[in-house]
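Here's a quick briefing to read alongside the model. Have the sequence and the 3D view open as you go.

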Amino acid sequence: MGLATARRLRALGATVYAADVDERELADACGRIGATPKVVDVSRSDKCRELVETACRKQGQLDGAVNFAGVLKRTGLLECSDTEFDRVLDVNVKGCG
């Protein structure tokens with residue numbers, strides 16, 4: 001959903017900053033659609049703030065933001081470690097907060 005949204009926004013003429021923790025996939029996706037890649041862990045609010053500040057500084061303003069970040073664990077709750085569970089909450093619930 002994130003890539004499709006970014007592609008559509010680019011088609012409409014928007015400047016798009018795309019963020020992900022996977023630098024290689026991010027660079028590939030941004031290269032295909034003409035977005036600016038930024039490696040960001042959205043579970044860290046300070047890094048999200050830096051991304052917004054960078055976009056505002058370079059573009060003059062921020063007209064909108066879309067967050068499609070998410071982590072999916074395909075194990076049962078009892079098989080999920082505390083660390084894995086915390087990561088899911090950090091990204092899915094608190095991400096870009």
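This is a predicted model: local features need pLDDT of at least 70, side-chain atom pairs count only at pLDDT 80 or more; totals for chains, interfaces and linings use all residues.

Residues are numbered from 1 along each chain as its sequence is written, and side-chain values use heavy atoms, with hydrogens and water left out.

**Overall fold**

- You're looking at four helices and two strands, where helices (H or I, at least four residues) and strands (E, at least two) are DSSP runs numbered from the N terminus.
- Walk along the sequence and the pattern reads α-β-α-β-α-α.
- The C-alpha trace spans about 45 × 25 × 20 Å along its principal axes.
- Of the 97 residues, 20% are buried (buried means under 20% relative accessible area, exposed over 50%, partly exposed in between, with a 1.4 Å probe and protein chains only).
- Take the contacts with a separation of 6 or more: 38% of them link residues 24 or more positions apart (contact means heavy atoms within 4.5 Å).

- Strand E1 (17-20) runs parallel to strand E2 (residues 36-39), and the two pair over four bridges; strands count as paired if DSSP finds at least two bridges between them.
- Alanine 19 sits opposite lysine 38 in E2, while aspartate 20 has valine 39 as its bridge partner in E2.
- Going from E1 through H2 to E2, the chain makes a right-handed β-α-β crossover, meaning that with the strands pointing away from the viewer, the path from the first strand over the helix to the second runs clockwise.

**The largest pocket**

- The largest pocket holds about 1300 Å³ of space.
- Here's how that's worked out: on a 1 Å grid over the protein atoms alone, a pocket is an open set of points where a 1.4 Å probe fits, with protein on both sides within 12 Å along at least five of seven lines, and lining residues have an atom within 4 Å of a point.
- Grid points are joined across faces, edges and corners, and the volume is the space filled by probe spheres set on them.
- There are 41 lining residues, and Tyr17, Ala18, Ala19, Val66 and Asn67 lie nearest the centre.
- The elements giving two or more residues to that lining are H1 (2-11), E1, H2 (23-33), H3 (45-59) and H4 (82-92).
- H2 gives the most, with six residues.
- By type, the lining splits into 27 nonpolar, eight polar and six charged residues (Ala, Val, Leu, Ile, Met, Phe, Trp, Tyr, Cys and Pro count as nonpolar, Asp, Glu, Lys and Arg as charged, and the others, Gly among them, as polar).

**Residues to click on**

- Arginine 10 belongs to helix H1 and counts as partly exposed because its relative accessibility is 29%.
- Beyond its neighbours within four places in sequence, arginine 10 contacts Thr15, Val16, Ile33, Gly34 and Ala35.
- Aspartate 22 is in the loop between E1 and H2, and its 31% relative accessibility makes it partly exposed.
- From aspartate 22 to valine 40, 18 residues apart along the chain, the C-alpha separation is 8.8 Å.
- Glutamate 50 lies in helix H3 and is partly exposed too, at 39% relative accessible area.
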